[in-house]
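Please open the structure in the viewer and keep the selection tool at hand.

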Amino acid sequence: MPKALLVTTDNRFIPVEDLKSSEIAERIGARMFDMVTGLSVPGVFENAAMFVDDEGLLLDEPKPNLFASMVSQRLIAGDVLIAGDEDENGNLTDLPDVALSPEFAEEFQRFVIQNPGFQQMLIRKIATVDLTPKVYSMDDWMAMMKAKEN
């Protein structure tokens with residue numbers, strides 16, 4: 001299995017040498033997880049896969065993951081694992097060594113220190129996310145999809 005990166009909610013970047021798929025949920029502290037694909041950080045990694053806590057935003061006190069939220073451009077709560085893209089056989093590949101380097105982690109941590117309002121903004125956004133299930137008729141759903149296309 002691949003070299004991966006564990007990114008915690010307290011902005012620690014921990015290289016993982018031999019990620020096993022059976023360990024993903026345990027390593028990110030989740031019961032269930034989702035995989036977000038196609039993530040890129042220019043000059044660091046392209047088309048990476050990120051494993052996120054499927055229920056992270058549903059917790060009583062969700063903990064935002066600043067790095068994961070920035071990279072995915074969506075709200076992510078909880079620790080995450082990032083690995084390289086899938087190969088032709090569906091196996092995850094290694095993240096480049098630069099993504100596993102202490103210098104990469106230090107650069108992001110400097111960003112957080114220089115932008116203290118960023119974390120507070122994410123916490124406010126998470127607090128206002130409407131997670132109420134919505135039920136739509138098929139006609140209404142089709143109309144919404146058409147409107148999104150235009």
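Which kind of contact joins the side chains of K3 and D97? Select both residues of this predicted model: their side chains meet in a salt bridge, with a distance of 3.1 Å from N to O. K3 belongs to the segment before β1, whereas D97 sits in the loop between β5 (80–83) and α3, so the pair ties together parts that are 94 residues apart in sequence. K3 is partly exposed at 24% relative accessibility, and D97 is exposed at 52%. Side chains of opposite charge can pair when their charged atoms come close.

**Further salt bridges**

The count of salt bridges comes to five. For another of them, select R12 and D10, whose closest N and O atoms are 3.2 Å apart. R12 is partly exposed, with a relative accessibility of 44%; D10 also counts as partly exposed, at 47%. Next, select K20 and D18, where the side chains meet in a salt bridge of 2.7 Å, N to O. K20 has a relative accessible area of 36% and is partly exposed, while D18 is partly exposed at 38%.

**The sheet**

Now display the strands. They form an open sheet of five, in the order β2-β1-β5-β4-β3, and the pairing is antiparallel. At the edges are β2 (13–16) and β3 (33–41), each of which pairs on one side only. On average, neighbouring strands of this sheet are turned by 25° against each other, direction ignored.

Select β3 together with β4, which covers residues 45–53; the two pair in the antiparallel sense over six bridges. Which residue of β4 stands opposite M35? It is F51. Further along, V41 stands opposite F45 in β4. The two strands β3 and β4 form a hairpin with three residues between them. In the turn, select G43, which has a positive phi of about 80°.

**A helix across the strands**

Select helix α3, residues 102–114. This helix lies across β1 (4–7), β2 and β3. Its direction can be compared with that of β2: α3 runs at about 155° to this strand.

**A serine in helix α2**

Move to S69, which is placed in helix α2 (residues 66–72). Is S69 buried or exposed? With a relative accessibility of 6%, S69 counts as buried, because the limit for this class is under 20%. To see its surroundings, select R74, L75, I76 and L122: S69 touches these residues, when those up to four places away in sequence are not counted.

**A nonpolar patch on the surface**

For the last stop, show the surface and select Y136, M138, W141 and M142. Together these residues form a nonpolar patch on the surface, with about 450 Å² of accessible area. Within this group, Y136 is located in the loop between α4 (117–127) and α5 (138–149). The relative accessible area of Y136 is 42%, and the residue is therefore classed as partly exposed.

Terms used: Residues numbered from 1 in each chain as written. Predicted model: local features only at pLDDT ≥ 70, side-chain atom pairs only at ≥ 80, totals over all residues. Heavy atoms only, no water. Pairing = 2+ DSSP bridges. Helix = DSSP H or I, 4+ residues; strand = E, 2+ residues; numbered from the N terminus. Axes fitted to C-alpha atoms, helices over the stretch in contact; angles between N-to-C directions. Contact = heavy atoms within 4.5 Å. Patch = residues over 30% accessible without salt bridge, like charges linked within 9 Å, V, L, I, M, F, W, Y side chains within 5 Å. Areas by Shrake-Rupley, 256 points an atom, 1.4 Å probe, with all protein chains shown as cover. Salt bridge = Lys/Arg side-chain N within 4 Å of Asp/Glu carboxyl O. Buried < 20%, exposed > 50% of the residue type's maximum accessible area, 1.4 Å probe, protein only.
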